[in-house]
Amino acid sequence: MSSQNPVFIPGPTNIPEVLRRACDIPTMDHRSAAFPPLFERAKSGVKRVLKMDEGEVILFPASGTGGWEAAVTNTLSPGDKVLAARHGMFSMKWIDLCQRHRLDVEIVTCPWGEGAPVERFAEILAADTAHEIKAVLVTHNETATGVVSDVAGVRRALDAAQHPALLMVDGVSSIGSMDFRMTEWGVDLAVAGSQKGFMLPVGLAIVGVSPKALAAMEGATLSRCFFDFRDMLKLGTPYTPAVGLLNGLGAACDMLLEEGLDNVFARHHRIAEGVRKAVVGWGLRPCAVAPALYSNSVTAIVLPEGIDGNALCRHAADAYGVAFGAGLGEVAGKVFRIGHLGMLTDVLALSGIAAAEMAMADMGVPVTLGSGVAAAQAHYRATKTDPVRAAA
Ligand SMILES: *Cc1c(COP(=O)(O)O)cnc(C)c1O
């Protein structure tokens, strides 16, 4: 691998130089007066990125998986029923985590490539008049398949059934890259990690907690210690916080908010569209089964029969020093993934598209060199907001 090349995996993402420097600070005593402003800046930045008008942001030294565990263990009790769809590696692993915590998961199995089944959820919630379901889990962006799910739709399904279940959302690979509205969508627990849309090294689990989830916390009896929200809320830092990462998180939020969240989302959409045009140019198709499901942070590309996606990724790393995401779980070997979230620009994306094209040609995928690049170039040229051309 070359340390010169950007990565095209859907996390960890490329780290902007300014954020690397923000994480690299001298040792600070977190009990000193210097820490609270740094901590507050990170938390208030996250609140704005999550679009939270109320509730709390809780930050753990952990990865996104820790955020899943924190969300579940702080608000539920052993044996509680939760509703979740299994349609990719990450939704599957979150279900596994719930089961290991002895929750009773009602699993809706969907083909990989589809999103959360909003209509099926609506039926199940409407039928659950005894309100046995305590939480509904949604993986906003299924990173294994490049599929985005309709969180607002799940909220509407809950509201239509007048169902009081908590809405828990895994936004690890969507938050900071794609539209997310915690308060407006009535999300009770939103989970993110530092190493995807926030463009930082791995090491922080970021959890948005609604007032309703805070109320549920009081009665929840699943065991928790390291991830106990109550200690976090009472003490702020019950143990040593990841001070450098928290400083980076404050800077990352400022960076996103300075660009403007709508502009950040539009940039991700535009870059993703270029990647998707390239996929069409190659004569291939995304794993996501319908355009409405296309993720703006990662595209999983279905390879022709007989081509091993894992071998393709290894070859891209060995021959060109560039990282793409291998297929996971059910689609292992059948797809490869181009991550296009975080600090990417169209220029960086073009280098990834060109490298993918070379690697595929080497491995015997029948792609015409230049076909994907040209399709992406045409898209990027046509959609460039060019101050010179705009003024002319
Ligand atoms: C990356 C990812 C996770 C897991 O996060 P870790 O930081 O690796 O623990 C969970 N969910 C989704 C959707 C992800 O993309």
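How do the residues of the lining of the second largest cavity divide into nonpolar, polar and charged? The lining divides into six nonpolar, two polar and no charged residues. The legends below refer to a predicted model.

**View A. The second largest cavity and its lining.** This cavity holds about 40 Å³ of space. Its lining consists of Ala84, Ala85, Ser91, Trp94, Ile95, Leu137, Val138 and Thr139. The elements contributing two or more residues to this lining are β2 (81-86), α4 (89-100) and β4 (133-139).

**View B. The largest cavity and the residues around its centre.** Two cavities of 30 Å³ or more are found when the whole structure is searched, and the largest contains about 70 Å³ of space. Its lining comprises 13 residues; nearest the centre of the cavity lie Leu59, Pro61, Met232, Pro241 and Leu246. Strand β1 (residues 56-61) gives the most to this lining, with three residues. By class, the lining of the largest cavity has ten nonpolar, three polar and no charged residues.

**View C. The shell of residues around the ligand.** Surrounding the ligand are Ser63, Gly64, Thr65, Trp68, Phe90, Asn141, Thr143, Asp170, Val172, Ser173, Gln195 and Lys196. Helix α3 (residues 64-75) supplies the largest share of this shell, three residues. Sorted by class, the shell contains three nonpolar, seven polar and two charged residues.

View D. On its own the ligand has 380 Å² of accessible area, of which the protein covers 88%.

Key: Residues numbered from 1 in each chain as written. Predicted model: local features only at pLDDT ≥ 70, side-chain atom pairs only at ≥ 80, totals over all residues. Heavy atoms only, no water. Near = heavy atom within 4 Å. Areas by Shrake-Rupley, 256 points an atom, 1.4 Å probe, with all protein chains shown as cover. Helix = DSSP H or I, 4+ residues; strand = E, 2+ residues; numbered from the N terminus. Nonpolar A, V, L, I, M, F, W, Y, C, P; charged D, E, K, R; others polar. 1 Å grid on protein atoms, 1.4 Å probe; cavity = no way out; pocket = protein on both sides within 12 Å on 5 of 7 lines; lining within 4 Å. Points joined across faces, edges and corners; volume = space filled by probe spheres on them.
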